[in-house]
Amino acid sequence: MNAGSHLLVVEDDEDLRACLTVVLEEEGYQVARVEAIARAARDSLESLPPLRRSEPEDQRAVERLHVLVTVTVEFAEEALAEAEKQLALLGERTARRGPGEGR
């Protein structure tokens, strides 16, 4: 992976997540935050001006945008849930091994 690449840091410890974000950004990576992605997608949809139902082009554009926003939010939420599940599994495996094992 090259500097300038986009990354999503998933970590349940907020302080560690913030630290990783700072380090990665200093290395030139663009770090996305799932909460910010979901919020921006929802805000974009909510900020649309009222549409005239008589304009089919407007209605179709809004329907497409709604689908894109919904998919984006769902993907971000699914990615976060999967990452949290993998972190939990890793924590369980590490706890079973005990200190100093498997290194």
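**The salt bridge and its surroundings**

Modeller: A search of the whole structure finds 1 salt bridge. Keep in mind that this is a predicted model. The partners are E82 and K85. Their closest N and O atoms are 3.5 Å apart. That counts because the cut-off for a salt bridge is 4 Å.

Now look at where the partners sit. Both belong to helix α3, 3 residues apart, so about one helical turn separates them. E82 has a relative accessible area of 36%, so it is partly exposed. K85 is partly exposed as well, at 46%. Neither value passes the mark for exposed, because that takes over 50%.

Step back to the chain. It holds 3 helices and 2 strands. From the N terminus, the order is β-α-β-α-α. Helix α3 spans residues 56–97. The chain has 103 residues, and 14% of them are buried. It exposes about 8,000 Å², with carbon and sulfur atoms supplying 55% of that area. Contacts also reach along the sequence. Take those between residues at least 6 apart: 59% join residues at least 24 apart.

T21 has 5% relative accessibility, so it counts as buried. The limit for that label is under 20%. What does T21 touch, leaving out residues up to four places away in sequence? The answer is V9, V31 and R33.

Two of those names return at the largest pocket, V9 and R33. The space in this pocket is about 200 Å³. Its lining has 16 residues, and those closest to the centre are V9, E11, R17, R33 and E35. By type, the lining has 8 nonpolar residues, 7 charged and 1 polar.

Which elements supply at least two lining residues each? They are α1 (14–26), β2 (30–32), α2 (34–46) and α3 (56–97). Helix α1 gives the largest share, 4 residues.

Technical notes: Residues numbered from 1 in each chain as written. Predicted model: local features only at pLDDT ≥ 70, side-chain atom pairs only at ≥ 80, totals over all residues. Heavy atoms only, no water. 1 Å grid on protein atoms, 1.4 Å probe; cavity = no way out; pocket = protein on both sides within 12 Å on 5 of 7 lines; lining within 4 Å. Points joined across faces, edges and corners; volume = space filled by probe spheres on them. Nonpolar A, V, L, I, M, F, W, Y, C, P; charged D, E, K, R; others polar. Salt bridge = Lys/Arg side-chain N within 4 Å of Asp/Glu carboxyl O. Buried < 20%, exposed > 50% of the residue type's maximum accessible area, 1.4 Å probe, protein only. Contact = heavy atoms within 4.5 Å. Areas by Shrake-Rupley, 256 points an atom, 1.4 Å probe, with all protein chains shown as cover.
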